[in-house]
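I keep these notes for a reader who is new to this structure. Each entry says what I looked up and what I found.

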Amino acid sequence: MKPARAAAVFVAATLGAGAWHIFFNAAPPSFDDAWYLEVSFRLFNALKHGLPAFAAEYASAFRIKAPLISLLPLPLYALFGAGERIALWTNLIAFAAACAAVHAAARALWPSHPRRDTIAALAASLTALTPLLYGLSRTFMVEPVLTALVAAAIWRVAAHKSNRREGVHLGLLLGLGLLTKILFPLYLAGPVWLRRKELRPHLMTALLVAVPLAATWYAFNLPYVLGFAWSAGFGRIASDYSSVTQGFGARLSAFAFMLFGGAVSWPLSAAIALCACAAARRKSLDDGSRLTLAWAAPLAVFALGVNQEIRFAAPALPALALLAARSAMSFDSRRARTAAAILLLATGSIVFVRQTFLLSAEDALPWCGAPSFDAGWDRGALVTATADGGATVAAIALEHRRLNANNLASLAASRGLDLKFINLGYAQTSVETALIRLKDKSADRLIIVSGIPEESLPVFLNRANAGIVAAIASGRLPARLQSRVPLGAGVSAAVFSIGKGM
């Protein structure tokens, strides 16, 4: 079998399993993915009212996050209707595009290597078998699209053709990448620097394409997104997503465990390390390997950061697949090359089967696990009860991955309701500030959920809940009980009218 066909088999199997997972998984979206979905549905609803309404919705989308991910499912909504499951197919397509771009990048990185087709096929297969990448492809997170755009940009940087259209291609990728995540240039910085002489003639054309494209959103939101990016990387938000309070060494160690043990898995990491160490004793680094190492360099930046969210590593992980494939094909002996390829693919496949079919999400690696057939609590009934009486802004005194303001807002937006859901404030600690937020946001409904064990709640996101309940009980927060909604498994919600909804 030709290498490209063998790679197609591995990638197709991974995509097929992803499609199966999306089709059967009943778990609701959680936090960020639900927010992306909400904005996606609101953009689609605005488009129904014409381009001016859509443009206004787009210009104000998120404010602190680039919006491209929420735009991409709109054609699917037009064909199949707006729905949380429909949107997920976007990322599965993006994952397929990432694997194809890695294949093309490998051919461009080692254009004269006698086994470049095998390197490309093996790299694409290993990308498809990387746990964090296939796990994220089954959610509505930004990283699958970001990974595909980064891989495509690396391909074009490595190819460095001299025709004028190359500047346009690079500009489109840069503009779309920035509209996907503000960190996009970080993933390209090393490879672009190494190819700076070859890319210099394309600079002006690329900027003339990228800047206007990115400005369609950044012109209205740049201060907000810059402030959020800093806070998420090194400030208050970053500290909430760091499991390490010790010093520099402990942070590096924790990141290494998450990267090699979580994002890649220990078995696959060990196989990659074994191939790399064996190959390093035989060959010096070639130009393609140096550029690929530069692609992986942002991993060092994230290791130094406060935020320990492993998702940021995703766009750099194909570089590890490329380096592993290059190492496996560096041996003079055909038998050794075959053994190395089998080791990598067999290890990745075994991990893939466990992380896709056998382990639950609670026991699996980050963003992996078998599909859940439990739809969680009855969000639909709660949205219906809250909307009753013409509510416009509902606050919920709960942040749980199965039930929160984001996934209630997502469901409401998918139904086309003019009803927004808010929380009490990100990681809110002050009851006073929470009460002010209810007034500032003109909340006319307040949802109090009971019956959820406290040990299952993320503590840092639920510190003001009890104070709000006490404020209602004491009369400090005037509220009228509108309805009680059973949500299942001993959990219920009380919907109160507050503010202008009284």
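**Entry 1**

I looked up tryptophan 20 and found it partly exposed, because its relative accessible area is 30% and the term covers what lies between buried (under 20%) and exposed (over 50%), with a 1.4 Å probe and protein chains only. I am working from a predicted model, in which local features need pLDDT of at least 70 and side-chain atom pairs count only at pLDDT 80 or more, while totals for chains, interfaces and linings use all residues. Residues are numbered from 1 along each chain as its sequence is written, and side-chain values use heavy atoms, with hydrogens and water left out.

Tryptophan 20 lies in helix H1; helices (H or I, at least four residues) and strands (E, at least two) are DSSP runs numbered from the N terminus. Together with Phe23, Phe24, Val353, Phe357, Leu358 and Phe373, Trp20 makes a nonpolar surface patch of about 750 Å². Such a patch takes residues with over 30% relative accessible area and no salt bridge, and nonpolar side chains (Val, Leu, Ile, Met, Phe, Trp, Tyr) are joined within 5 Å; a salt bridge is a side-chain nitrogen of Lys or Arg within 4 Å of a carboxyl oxygen of Asp or Glu. I noted that helix H1 (3-24) and helix H20 (334-358) are the elements that give two or more residues to the patch.

**Entry 1: Proline 267**

Proline 267 is found in helix H16, residues 266-280, and at 43% relative accessibility I count proline 267 as partly exposed. Which residues does proline 267 contact, leaving aside its neighbours within four places in sequence? I found Thr347 and Val351, where contact means heavy atoms within 4.5 Å. The C-alpha atoms of proline 267 and glycine 348 are separated by 7.8 Å, although the two residues are 81 apart along the chain.

**Entry 2: The nonpolar cores**

I then turned to the largest nonpolar core, which has 105 residues, Leu122 and Leu344 being those with the most contacts inside it. A core here is a set of buried Ala, Val, Leu, Ile, Met, Phe, Trp, Tyr and Cys residues joined through side-chain atoms within 4.5 Å. Helix H6 (residues 84-109) gives the most to this core, with 11 residues. Not counting residues up to four places away in sequence, leucine 344 touches a set of residues including Leu122, Leu126, Leu268 and Ile272. Apart from this core lies another, of 25 residues, among them Val383, Ala391, Leu403 and Leu408.

In helix H24 (residues 465-474) I found Asn465, Ile468, Ala471 and Ile472 buried. They lie on the same side of H24 because they cover an arc of only 120° around the axis, the arc being that of the directions from the helix axis to the C-beta atoms. Ala466, Ala473 and Ser474 are exposed on the other side of H24. The cover over the buried residues of H24 includes H23, E3 and strand E5 (491-497). Glycine 475 follows H24 and has a positive phi, near 85°.

**Entry 3: Residues in loops**

Is histidine 202 buried or exposed? Histidine 202 is buried, with a relative accessible area of 6%, and lies in the loop between helix H12 (196-199) and helix H13 (203-234). Serine 442, in the loop between helix H23 (431-440) and strand E3 (445-450), has a positive phi of about 55° although it is not a glycine.

Notes
Patch = residues over 30% accessible without salt bridge, like charges linked within 9 Å, V, L, I, M, F, W, Y side chains within 5 Å. Areas by Shrake-Rupley, 256 points an atom, 1.4 Å probe, with all protein chains shown as cover.
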